[in-house]
Amino acid sequence: MASPRHESKSSDLKKVAVIGGTGFIGYHIVNDLLRQGCSVTVVTRNPPEEAPAEWKKNVTFAKINAQKAKPEEFKAVFTDHQGFVYAAGGDPGDEEFHEKNVDAVERIMQGAREAGCDRAVILGSYYTYFACNEECKFGGELRQSHTYVASRIAQAAAARKIGGDAITVAVIEIPWVFGVTPGRVSLWKKLIDWANSSKPLLAPAGGTAAVSVETVAGVAVAALRARSNKNIPVAEGNFTWQQLLNKVGRTSRTVYPVPSSIMRAIGTIYGTFSAVPGLEVRHFLGKVFTQNLFMDLKQCRQKEEELGISHTEGEAMARMEAAFKATIDSCLGSATLKATPAGAGTLTVFTSLGTRPSMGIKLIPRVDSYTEFQKKYTTLQSADEKIAALRSYKLQYPGSPHIRDINQMLLSLQPVATPVASPLAAVEMYSKSALTMGSTSLP
Ligand SMILES: NC(=O)c1ccc[n+]([C@@H]2O[C@H](COP(=O)([O-])OP(=O)(O)OC[C@H]3O[C@@H](n4cnc5c(N)ncnc54)[C@H](OP(=O)(O)O)[C@@H]3O)[C@@H](O)[C@H]2O)c1
């Protein structure tokens with residue numbers, strides 16, 4: 001289904017760079033820009049050997065690692081471009097979310113400014129929609145406890161500071177996105193596999209807003225065209241977790257409720273033994289995940305209208321439904337449903353909700369404070385152990401004032417090793433504990 005059409009007569013948008021243009025959302029943004037007559041430079045670390053057929057004309061590739069490139073490299077790419085879309089940010093669970101969301105954006109904005117760009121669009125997260133809303137009862141805690149959310153707020157502030165009066169910066173506040181991009185496995189595959197298995201379906205209170213990938217792309221391009229300088233929430237529907245499981249299942253099945261007290265207990269156990277980069281697990285599982293992370297659909301529609309996008313509520317719902325269907329079809333194909341034995345491990349699915357199942361969640365051992373860390377660090381013998389501990393600290397506290405020291409210590413211990421702990425082992429332990437504690441409520 002095509003993106004909502006932008007009615008503006010403005011024709012000053014001729015050349016745009018899409019950083020992350022080969023990604024799930026970026027691909028649709030590139031297509032939208034092409035449909036509107038723009039030339040596009042797709043920036044990626046891995047330009048495809050064979051570009052999509054519709055990209056043969058008017059698309060060029062720049063092989064750049066946005067986390068490492070200097071402003072001058074971006075300046076060279078952005079020459080003659082009116083602006084860029086940043087579709088390569090980091091997510092919760094991504095070790096380098098801070099570098100991707102803040103540091104890279106600062107260098108990109110500097111390059112864009114020097115190249116004379118006058119507009120930028122950043123694909124952000126709907127967590128800022130809640131975190132920056134004074135009326136949201138968990139907004140303050142979202143801002144303070146979750147370094148991922150803080151990185152998204154810092155990203156917008158840094159981009160607007162560098163942009164000043166020269167470059168407008170629109171930030172798209174994106175909830176769960178459904179839809180399909182050729183060659184990419186859906187982020188929701190695990191969720192969809194689960195909803196279509198014979199394993200018991202379980203869901204706590206709460207739910208999420210959702211949107212189709214076409215709408216996100218349409219809004220991003222319209223924001224670019226309109227030189228919007230605002231945060232723009234996008235959503236086409238709000239679904240409880242229970243409704244969402246039924247939406248992504250081909251047949252409607254009973255979803256058993258998980259009491260909030262159990263979710264809090266899971267959060268405590270999980271958060272005691274492990275950490276997810278960017279998220280404070282205890283608070284997230286116990287207090288955020290069980291909320292209705294719903295967006296004001298009327299407000300979203302209004303924002304779209306301000307950008308010149310017009311479509312009826314019925315059209316928006318149809319696009320959302322089509323996106324669900326396309327996602328389910330892409331995950332399940334035409335295969336008949338496989339019966340899998342019900343049993344242990346089901347709750348592990350919760351560990352993937354709200355983040356990016358395709359990447360999985362990285363679990364790292366928790367340390368409580370820098371003093372505590374230092375005490376433990378002095379007892380470590382091998383370089384590998386030290387590197388692991390330093391990396392672990394860095395991931396949990398990317399905003400810590402001690403990060404510079406940590407980086408220097410890491411540098412002195414090169415080569416850098418991979419993160420510690422086995423994610424699988426931690427998830428198993430967590431799910432076993434959760435299942436034991438929650439056994440009375442399990443079917
Ligand atoms: N999908 C969702 O449900 C959702 C929801 C909320 C917010 N968002 C946000 O929307 C943005 C795009 O999400 P997505 O799902 O489209 O992501 P994606 O499918 O993972 O695509 C990421 C794109 O960025 C490129 N990229 C990654 N790191 C890069 C780097 N260091 N330098 C240059 N290019 C890089 C990737 O290509 P290479 O790997 O070849 O470099 C790819 O083209 C992200 O910021 C994400 O946080 C997504």
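Buried residues make up 48% of the 443 residues in the protein; a residue is buried if 20 or more other C-beta atoms, placed from the backbone, lie within 10 Å of its own. The model is predicted: local features need pLDDT of at least 70, side-chain atom pairs count only at pLDDT 80 or more, and totals for chains, interfaces and linings use all residues. Residues are numbered from 1 along each chain as its sequence is written.

The secondary structure comprises 17 helices and 13 strands, taken as DSSP runs (helices H or I, at least four residues; strands E, at least two) and numbered from the N terminus. Among contacts between residues at least 6 apart in sequence, 80% join residues at least 24 apart. Contact requires C-beta atoms, placed from the backbone, within 7 Å.

Helix α2 spans residues 71–78, and its buried residues are Phe 74, Val 77 and Phe 78. These lie on the same side of α2, because they cover an arc of only 90 degrees around the axis, taken from the directions from the helix axis to the C-beta atoms. They pack against β1 (15–19), β2, β3 (59–63), β4 (83–86) and α3 (97–115). Just after α2, Asp 80 takes a positive phi of about 75 degrees.

Key. A residue is buried if 20 or more other C-beta atoms lie within 10 Å of its own, exposed if 12 or fewer, and partly exposed in between; C-beta atoms are placed from the backbone. Two residues are in contact if their C-beta atoms, placed from the backbone, lie within 7 Å.
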